[in-house]
Amino acid sequence: MNTSALIRPAWTPATIALMVIGFMVFWPLGFAMLAYIIWGDRLDGLKRDVNRATDGIFAGCRRGSDKAARWGHGSARTGNVAFDDWREKELERLAEERRKLDEMLTEFDEYARELRRAKDQDEFDRFMANRNKSTAPTKTDPSTGTTTKRGKGSNLLDD
């Protein structure tokens, strides 16, 4: 059995041909083949290091998902029936408290919205009253010579 591969990190006719073809087709492929020829013998150690690092990362993810399952985000049980029953009751109580808090938040939002609407209405009414006062037409009384503003609802044709 032949122990040497056709494409290995060495200056063989196959790797040189692949490098030249890589440069002709798409130059980054040629550079990739050149890098493989020069540093390919180090790939075994690099591959081992990368595998070790990714195993450590994904092991942490698995540990995190196990913890999440244990603390009520899944159906994992501890094996202690009394503890599991107590935990379920506490989680139900907390869920009920969460629902109450959500309802209170909704009620408060509605109350605050109504307060803002009432405040806006009051400011608008005040604005309209001031606007009507300043734009009310004036009437001069010929006998006294004084000018008076017409009130709300007065008719201009009364003169």
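A polar contact here is a pair of N or O atoms within 3.5 Å; within protein, one must be able to donate a hydrogen and the other to accept it, and residues adjacent in sequence count only if both atoms are side-chain atoms.

Before you click, some ground rules. This is a predicted model, in which local features need pLDDT of at least 70 and side-chain atom pairs count only at pLDDT 80 or more, while totals for chains, interfaces and linings use all residues. Residues are numbered from 1 along each chain as its sequence is written, and side-chain values use heavy atoms, with hydrogens and water left out.

**Colour by confidence**

Start with pLDDT, the predictor's confidence in each residue, from 0 to 100. The chain averages 79, and 72% of the residues score at least 70. Helices (H or I, at least four residues) and strands (E, at least two) are DSSP runs, numbered from the N terminus. Where pLDDT is low, the predicted coordinates should not be read in detail.

**Select Thr-15**

You will find Thr-15 in helix H1 (residues 13–25). Thr-15 counts as buried because its relative accessibility is 0%; buried means under 20% relative accessible area, exposed over 50%, and partly exposed in between (1.4 Å probe, protein chains only). Its side chain reaches the backbone oxygen of Ala-10 at 2.7 Å, and a polar atom of that side chain lies 2.9 Å from the backbone oxygen of Thr-12. Leaving aside residues up to four places away in sequence, Thr-15 touches Ile-7, Arg-8, Ala-10, Met-33 and Ile-37, where contact means heavy atoms within 4.5 Å.

Now show helix H2 (residues 27–39), whose axis comes within 5 Å of that of H1 and crosses it at roughly 155°. Axes are lines fitted to C-alpha atoms, for helices over the stretch in contact, and angles run from 0 to 180 degrees between N-to-C directions. H1 and H2 are therefore roughly antiparallel (over 145 degrees; under 35 is roughly parallel, 65 to 115 roughly perpendicular, the rest oblique). The contact includes Thr-15 and Phe-23 of H1 and Phe-31 and Met-33 of H2.

**Highlight the rings**

Rings of Phe, Tyr and Trp (its six-membered ring) pair if their centres lie within 6.5 Å; planes under 30 degrees apart are stacked, over 60 edge-to-face, the rest tilted. The whole structure holds three aromatic pairs. Phe-23 and Phe-31 sit edge-to-face, 5.1 Å centre to centre with 80° between the planes. Ring pairs link Phe-23, Trp-27 and Phe-31 into a cluster.
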